[in-house]
Amino acid sequence: MTLAPPPSGPVPWEREFALGMVRDMLRIRRMEERAAELYGEQKIRGFLHLYIGEEAVAVGALHALAPEDNIVATYREHGHALVRGMPMRTIMAEMYGKREGCSRGRGGSMHLFDAKRRLYGGNAIVGGGLPLAVGLALADKLQGVRRVTACFFGEGAMAEGVFHESMNLAALWQVPVLFCCENNLYAMGTALARSESQTDLCVKAAAYKVPTLKADGQDVVAVHEAAKEAQQQVRAGEGPFFVEFQTYRYRAHSMFDPDLYRDRKEIEEWKTRGPLHSFTARLKAEGKLSEEQFLALDAEVAKEVEDAVAYAEAGSWEPVEDLTRDVYAP
Amino acid sequence: MKTSYREAMRAALREALAADPRVFLMGEDVGKYGGSYAVSKGLLEEFGPERIRDTPLSELAFVGAGIGAALGGMHPIVEVMTVNFSLLALDQIVNTASLYRHMSGGQFSVPLVIRMATGAGRQIAAQHSHSLENWYAHVPGLKVLTPATVEDARGMLASALADPDPVVIFEHAQLYNVEGELPEPWTTDMKKASVRRQGKDVSLITYGGSLPKTLKAAEMLAREGIDAEVVDLRVLRPLDDATIMASVAKCRRAVIIDEGWKTGSLAAEVMARIVEQAFYELDAPLARVCSEEVPVPYAKHMEEAALPQPAKIVAAVKGLLG
């Protein structure tokens, strides 16, 4: 397969908005690079799934949504939580397992929840969030609330029966779900073509009469514009919509993964299509961003990351006496 | 008032739907067909297709959608046709519904009610005859109810809906046609076990579809001068240890009757608790009557042989009394 050249072309956005996108992509990138280091230092344990390389998807898509919309995400959701507005401190504290984390340190990296921001996880069962999203959207429909439920999942989830059941239910009941497929080509170590007879994912969604769009997931402009269009239709009450964001993860599946199933060359090729540097290159070409401005932004983000780490370090452990708290309502 | 278990269930559903606009019923054939066991018959006409919602044969997705709807502010009642098919939805029940509150640090509540038929005894063979209540009772975060009387069929739903946590209700398929007197007011308490028959010689502890068989066994024992007490657990999670131990302390002997298979059964859990908490009250070893460890066969005589029966209960009691 020959890869397309890096995303290019004019950026149809106001400078401030475009810089906001750079900033959010950079925040995810730097937070996760630091998280990987902290994993090496054993400050963060368990599973840690990095989103590095896929940042344009969460950033572009979430900026197309309203604050009152529902978000359902996967175990690779640090970026979604951050863009949704969860403070980096809270995310880092959760990864440390500290009480100051969003889930009191009970969930860790894979289970970021935020009721206030309508982030419903952080689900570590592949496909587990899909029917949940249908139900959230059904609740809105039954209550007459005009809201979009955006459900993120990987292409691996589309091999699960629950994808097909959920797609059918959403279309049958015409509930407002925006299905956001983050196709990073590998379900853990299994390439799409090695697990699916039909690799055109939109065809699967279309089989349920759900309208679809495909977007270059390495191009934040394409992601955002596709998500904007899709969410408009969903919000207008036209039922569910499916968008495939074609992306790639630069790091291994998790910190446990020796990454033996991919060619180094393939990874290097995809890196030429990096969402951050391709977008900043376009902004620089248009005179909307200088190298100095980028470095200043990066320094600002670095500060935020170090503040988050310091916050997590200074955090406290949930007392063991609270172990059985919240199994049931008090 | 005389009513059947099925009618009592339906009256409870009707009352819940009328009282709270957040309540809706969904599942396979709950609407147009009237419910596989005719529990929801007539409700579609009364409440409309939005609230009596037929689903495709997609247990995993519609149970998951029930969880999502509960998170989204509704009070769904999801009917899974039988416990056998609930295995297709186990992932959403065990990996999402039961643990969202704890795993999110207490941020989320899943006020979902899942109803399902359970049990054997109607010659519908192995794939339709499971009794897997213990699987669900094993899981922290769930509550498990087994209404065994007309009164509980009428009252338990209201209390399940008032619960902010996911509640699984098992309705034994053999009970739907059982008729009984519905007292007024009926109880809606779902926290405790109930002593259905007072006795002093042996405590027979059971739940769900085994309750009528156990009461029958108690009558047979009475004719032979053995005064059995019958405890209906009603709630399999959390178990009401106090009522169990009080009965054991009083009778000093106990037999557990459970339609589940013996290995890893709910009966095993009850016995373990008695040993932990009331060992020195016992005058004899504990005993249990469970299903034989085979898939439930179709032929009537073989099915009967596989399940707990009054005669087996009587024999187990006599074994204890020597």
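Student: In which sense do strand β6 of chain B and β12(B) pair, and over how many bridges?
Tutor: In this predicted model, β6 (residues 143–145) and β12 of chain B pair in the antiparallel sense, over two bridges.

Student: Which residue is the bridge partner of L145(B) in β12(B)?
Tutor: The partner of L145(B) is V235(B).

Student: What is the order of the strands in the open sheet of chain B?
Tutor: The open sheet has seven strands, in the order β3-β2-β4-β5-β7-β6-β12, with mixed pairing. β3 (52–54) and β12 (235–237) of chain B each have a single partner strand, so one side of each is left without a neighbour in the sheet. On average, neighbouring strands are turned by 20° against each other, direction ignored.

Student: A new topic: how many residues are in the largest nonpolar core?
Tutor: That core has 192 residues, and V134(A), C151(A), V243(A) and L204(B) have the most contacts inside it. Domain 1 (2–181) and domain 2 (194–321) of chain B each supply at least three of its residues.

Student: Which residues does V243(A) touch?
Tutor: Leaving aside residues up to four places away in sequence, V243(A) touches several residues, including F179(A), C180(A), C181(A) and L213(A).

Student: And how many residues of chain B are in contact with chain A?
Tutor: On chain B, 34 residues are in contact with 33 residues of chain A. The elements giving two or more residues to this side of chain B are α3 (59–71), α5 (90–97) and α6 (100–103). The largest share, ten residues, comes from α3(B).

Student: How many residues on that side of chain B are nonpolar, polar and charged?
Tutor: The side of chain B that touches chain A has 14 nonpolar, 16 polar and four charged residues.

Conventions:
Residues are numbered from 1 along each chain as its sequence is written. Chains are lettered from A and ligands numbered from 1 in the order in which they are written. This is a predicted model: local features need pLDDT of at least 70, side-chain atom pairs count only at pLDDT 80 or more; totals for chains, interfaces and linings use all residues. Two strands pair if DSSP finds at least two bridges between them. Helices (H or I, at least four residues) and strands (E, at least two) are DSSP runs, numbered from the N terminus. Axes are lines fitted to C-alpha atoms, for helices over the stretch in contact, and angles run from 0 to 180 degrees between N-to-C directions. A nonpolar core is a set of buried Ala, Val, Leu, Ile, Met, Phe, Trp, Tyr and Cys residues joined through C-beta atoms within 7 Å. A residue is buried if 20 or more other C-beta atoms lie within 10 Å of its own, exposed if 12 or fewer, and partly exposed in between; C-beta atoms are placed from the backbone. Domain bounds come from an automatic or database domain assignment. Two residues are in contact if their C-beta atoms, placed from the backbone, lie within 7 Å. Ala, Val, Leu, Ile, Met, Phe, Trp, Tyr, Cys and Pro count as nonpolar, Asp, Glu, Lys and Arg as charged, and the others, Gly among them, as polar.
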